[in-house]
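Here is a friendly tour of the model you are about to see. Keep the viewer open and follow along, strand by strand and ring by ring.

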Amino acid sequence: LGYGSDELIGKYFYTLVPSEQRHILGEKLKEAQEGKLRPNDFRMVNKSGSPHWGRVIAQPLYEGARLTGITGLIEDITNLRNGEEALRESEEKLALAIEGSGAGLWDWRVQSGEIVINDRWAEILGYTLQELMPFTADKLAALTHPDDLGKFTELFRKHSAGETPDFESEIRLMHKDGHWVWVLDRGKVTERNKEGKPVRMTGTHFDISERKAAEEALRQ
């Protein structure tokens, strides 16, 4: 925190944390006296008044059988907490962008066949997320138009083998009420095992039914 040891010895620890956190610090130091050993994070203030984050680990200090104080460690985790905050903000922005784009998201554990999807993915086909869970590769195949399944499988095979940098296919999926929905399916292998085989693949679904209908009308 920018102090020399001689500047802090004999002073109260409470002066190093903002006033609104001092009661929390008091509770945690009391827990430490009782031997409840677990790390706690606090906002602290350095010598110039700038905020820091400290991770405090404390335990009782005994002289013989007599409790005389607390001993422990403080780690500066300011960069860690700032990074976590930046990541949280980034994730919020990404979630808002995805929601605004109308994309259905999928995350495929290739070896187990399990596919994690979001609400929008299910909504494109007229379902709630709960109605489709648990969702698997077999269920996806069952929903796919037979004329599109072969092409879809071949494109996936090429990408899995590393022949293409990503995966993209236009397929028809069965809506809950029985009609076909055209979907633009994009994805990419995001994790491989030591043998180079796909372990995880993630991507998006976009409803392109209106565009396909317009293309068909133009063709006719």
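Buried here means under 20% relative accessible area, with exposed over 50% and partly exposed in between, for a 1.4 Å probe and protein chains only. Strands are DSSP runs of E with at least two residues, helices are runs of H or I with at least four, and both are numbered from the N terminus.

This is a predicted model, so local features need pLDDT of at least 70 and side-chain atom pairs count only at pLDDT 80 or more, while totals for chains, interfaces and linings use all residues. Residues are numbered from 1 along each chain as its sequence is written, and side-chain values use heavy atoms, leaving out hydrogens and water.

## How the strands pair

β1 and β2 run antiparallel and are joined by 6 bridges; two strands pair if DSSP finds at least two bridges between them. Asp41 has Arg55 in β2 as its bridge partner. The hairpin of these strands has 5 residues between them, and Gly49 takes a positive phi near 95° there.

Strand β8 (residues 198-207) pairs with β4 in the antiparallel sense over 6 bridges, and strand β7 (residues 180-192) pairs with β8, also antiparallel, over 9 bridges. Which residues meet Thr202? Asp107 stands opposite Thr202 in β8, and Thr202 is also the bridge partner of Lys188. β7 and β8 form a hairpin with 5 residues between them, where Gly196 in the turn has a positive phi of about 85°.

## Aromatic rings

The whole structure holds 4 aromatic pairs. Rings of Phe, Tyr and Trp (its six-membered ring) pair if their centres lie within 6.5 Å; planes under 30 degrees apart are stacked, over 60 edge-to-face, and the rest tilted. Trp108 and Phe156 are stacked, at 5.0 Å centre to centre with 25° between the planes. That pair links distant parts of the chain, with Trp108 in strand β4 (residues 104-109) and Phe156 in helix α7 (residues 146-160), 48 residues apart.

Phe156 also forms an edge-to-face pair with Phe167, at 6.4 Å centre to centre and 80° between the planes. Here α7 is linked to strand β6 (residues 167-174), which holds Phe167, 11 residues from Phe156. Phe156 is buried at 16% relative accessible area, and Phe167 is buried at 3%. Ring pairs join Trp108, Phe152, Phe156 and Phe167 into a cluster.

## Charges over rings

Two tryptophans have a charge over the ring, defined as NZ of Lys or CZ of Arg within 6 Å of the ring centre and within 35 degrees of the ring normal. Arg81 lies over the face of Trp53, 3.8 Å from the ring centre. The charged end of Lys212 sits over the ring of Trp182, 4.3 Å from its centre.

## The largest pocket

What lines the largest pocket? Its lining includes Tyr12, Phe13, Tyr14, Leu29, Val56 and Ile70. A pocket is an open set of points on a 1 Å grid over the protein atoms alone, where a 1.4 Å probe fits, with protein on both sides within 12 Å along at least five of seven lines; lining residues have an atom within 4 Å of a point. β3 gives the most to this lining, with 5 residues.
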